[in-house]
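Hi everyone, thanks for making time. Have a look at the sequence and the model on the screen, and then I'll walk you through them.

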Amino acid sequence: KAERKTVLMRVQNRLQQEFAKQLKPGESVWEWDYEMDESDTAWPPLCRAKALVPSIGRTFVGDWARGQRDAQIEASCAIAEFLDGGGCETREPSSGSEWTSEEGADQIESWSSAERWADMEIDVC
């Protein structure tokens with residue numbers, strides 16, 4: 001569990017190392033967006049995080065989790081898997097989402113299907 005708590009920092013450090021030459025001073029390695037399950041009445045609410053990594057122009061969508069921090073951890077698992085085949089603990093199956101694997105595809109038509117796997121909602125942890 002301690003390893004899971006530091007996954008955000010470790011993935012962020014890895015992104016900074018991998019793309020140091022592409023990052024401008026002060027530029028973030030990722031941009032976060034969140035989807036909340038509006039039908040969920042528990043606290044913290046079910047949340048799903050989406051991380052855009054501008055250096056590679058890819059978006060990673062995590063699985064549903066309780067609260068934003070755990071949702072970020074889920075999305076960072078997908079980024080870790082992309083970077084080095086790493087992973088995280090097993091997680092619960094996902095439920096429906098308004099985000100789709102083809103979101104933004106019209107702007108990114110030049111990617112081959114092999115390069116687009118990071119945009120798909122896949123179970124990586």
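Predicted model: local features only at pLDDT ≥ 70, side-chain atom pairs only at ≥ 80, totals over all residues.

Residues are numbered from 1 along each chain as its sequence is written, and side-chain values use heavy atoms, with hydrogens and water left out.

So how confident is the predictor? The average pLDDT, the predictor's confidence in each residue from 0 to 100, is 74 for the protein chain, and 66% of the residues score at least 70. Over residues 89-125 the pLDDT is below 50, and that stretch has 67 contacts in the model beyond near neighbours in sequence. Contact here means heavy atoms within 4.5 Å.

Now the layout. The chain has 3 helices and 4 strands, in the order α-α-β-β-β-β-α along the sequence. These are DSSP runs, numbered from the N terminus: helices are H or I with at least four residues, strands are E with at least two. Of the 125 residues, 38% count as buried. Buried means under 20% relative accessible area, exposed means over 50%, and partly exposed is in between, with a 1.4 Å probe and protein chains only. Take the contacts between residues at least 6 apart in sequence: 52% of them join residues at least 24 apart.

Next, helix α2, residues 7-18. Its 12 residues reach 16 Å from first C-alpha to last, close to the 16 Å expected at 1.5 Å a residue; the expected span is 1.5 Å times one less than the number of residues. Which residues of α2 are buried? They are Val7, Leu8, Val11 and Leu15. Seen down the axis of α2, these buried residues fall within an arc of 100°, so they line one face of the helix. That arc is taken from the directions from the helix axis to the C-beta atoms. As a reminder, an α-helix has 3.6 residues a turn, so residues three or four places apart point the same way. The buried residues of α2 pack against α1 (2-5), β1 (31-36), β2 (46-53) and α3.

On to α3, where we find Gln72. Gln72 is buried, at 16% relative accessibility. Beyond its neighbours within four places in sequence, Gln72 is in contact with Leu8, Trp32, Tyr34 and Ala49.

Two of those names bring us to the rings. Rings of Phe, Tyr and Trp (its six-membered ring) pair if their centres lie within 6.5 Å; planes under 30 degrees apart are stacked, over 60 edge-to-face, and the rest tilted. The count by this rule is 3 aromatic pairs. In one of them, Trp32 and Tyr34 have ring centres 6.5 Å apart and planes at 10°, so the pair is stacked. Ring pairs link Trp30, Trp32 and Tyr34 into a cluster. Trp32 is partly exposed at 23%, and Tyr34 is partly exposed at 26%.

Two more residues before I stop. Ala65 sits in strand β4, residues 65-66, and is buried at 9%. Setting aside residues up to four places away in sequence, Ala65 touches Pro45, Leu46, Cys47, Asp70, Ala71 and Glu74. Finally, Asp84 belongs to helix α3, residues 68-84, and is partly exposed at 48%. Asp84 and Arg14 are 70 residues apart in sequence, yet 9.6 Å apart in space, C-alpha to C-alpha.
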